[in-house]
Amino acid sequence: MTLKGPGRPARQSPRASRDRPAESDCELAGALARLHEQTPLWQSFLAVHRRIVEQLADEMQAEHQLPLEWFDVLVHLADVPGMRARQKDLRDRMLLSESGVSRLLVRMEKAGVITRSAAGDDRRGMEIAVTEAGQAALLAAIDSHLQLVASLFTDRLTATDRAALSRMLPKLR
């Protein structure tokens, strides 16, 4: 069915509707062939990334009862002076929607690893700070996280591989 005018379907002849799926199937097959031909490195990168992140997340949860996203937030906050940052800054770093970050931070606050308060200079903004419990959780998780990153990633690469990757990654930022 095609559109005739704004939002109005137009009728097609029965023959045209029978021919359309064959043309569409052919177009899709061609597009998929191009995709598979031109993106194997990209697909491989995504698969490896997904596998490593899943293993990191599983390990963090099993060993420390700390979701990987929480670990990421705590690391970011620990890296800034006073271990506090604006919610907007966290959202920008984590590439989540405003509501996604808000829900994540509410869960973290309920668990006692962060506090949320109105930002002093802008009452509409929220300031997020690490609690003592959050600091303890982060400290407890860092060593096993480092070991797992090494075993899943850096230890599997030669010095030459690591040097090449260090040169290439900035080009993709």
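The largest cavity holds about 30 Å³ of space. A cavity is a set of points, on a 1 Å grid over the protein atoms alone, where a 1.4 Å probe fits but cannot get out. Its volume is the space filled by probe spheres set on the points, which are joined across faces, edges and corners. The model is predicted: local features need pLDDT of at least 70, side-chain atom pairs count only at pLDDT 80 or more, and totals for chains, interfaces and linings use all residues. Residues are numbered from 1 along each chain as its sequence is written, and side-chain values use heavy atoms, with hydrogens and water left out.

A search of the whole structure finds one cavity of 30 Å³ or more. Leu56, Glu59, Met60, His64, Ser144, His145 and Leu148 line the largest cavity; lining residues have an atom within 4 Å of a point. At least two lining residues come from each of α2 and α6. Helix α2 gives the largest share, four residues.

The protein chain contains seven helices and five strands. Helices (H or I, at least four residues) and strands (E, at least two) are DSSP runs, numbered from the N terminus. Their order along the sequence is β-β-α-α-α-β-α-α-β-β-α-α. Of the 173 residues in the protein chain, 23% are buried. Buried means under 20% relative accessible area, exposed over 50%, and partly exposed in between, with a 1.4 Å probe and protein chains only. Contacts require heavy atoms within 4.5 Å. Among contacts between residues at least 6 apart in sequence, 44% join residues at least 24 apart.

The largest pocket has a volume of about 1600 Å³. A pocket is an open set of grid points with protein on both sides within 12 Å along at least five of seven lines. The lining of the largest pocket comprises 31 residues, and Phe45, His49, Val53, Phe153 and Leu169 lie nearest its centre. Two or more lining residues come from each of α2, α3, α4, α6 (132-152) and α7 (159-172). The largest share, 10 residues, belongs to α2.

Phe45 also takes part in an aromatic pair. The search of the whole structure finds one such pair. Its partner is Trp42; the ring centres are 5.8 Å apart and the planes meet at 25 degrees, so the pair is stacked. Rings of Phe, Tyr and Trp (its six-membered ring) pair if their centres lie within 6.5 Å; planes under 30 degrees apart count as stacked, over 60 as edge-to-face and the rest as tilted. Both residues belong to helix α2 (residues 40-64), where they sit three residues apart, about one turn of the helix. An α-helix has 3.6 residues a turn, so residues three or four places apart point the same way. Trp42 is partly exposed at 49% relative accessible area. Phe45 is likewise partly exposed, at 46%.

Helix α5 (residues 98-111) has 14 residues. From first C-alpha to last, α5 reaches 20 Å, close to the 20 Å expected at 1.5 Å a residue. That expected span is 1.5 Å times one less than the number of residues. The buried residues of α5 are Gly100, Val101, Leu104, Leu105 and Met108. Seen down the helix axis, they fall within an arc of 125 degrees, so they line one face of α5. The arc is that of the directions from the helix axis to the C-beta atoms. Cover for these buried residues includes α3 (68-78), α4 (87-94), β4 (114-118) and β5 (126-130). Arg103 and Lys110 are exposed on the face turned away from the buried side. Just after α5, Gly112 adopts a positive phi of about 85 degrees.

Strand β5 contains Glu127. Glu127 is partly exposed, at 22% relative accessibility. Not counting residues up to four places away in sequence, Glu127 touches Arg84, Ala85, Arg86, Thr115, Arg116, Ser117, Ala118 and Ala119. Between the C-alpha atoms of Glu127 and Leu90, 37 residues apart along the chain, the separation is 9.9 Å.

Positive phi also occurs at residues other than glycine. Gln65 has a positive phi of about 50 degrees. Gln65 lies in the loop between α2 and α3, and is exposed at 53% relative accessibility. Met83 has a positive phi of about 50 degrees. Met83 is placed in the loop between α3 and β3 (84-86), and is partly exposed at 24% relative accessibility.
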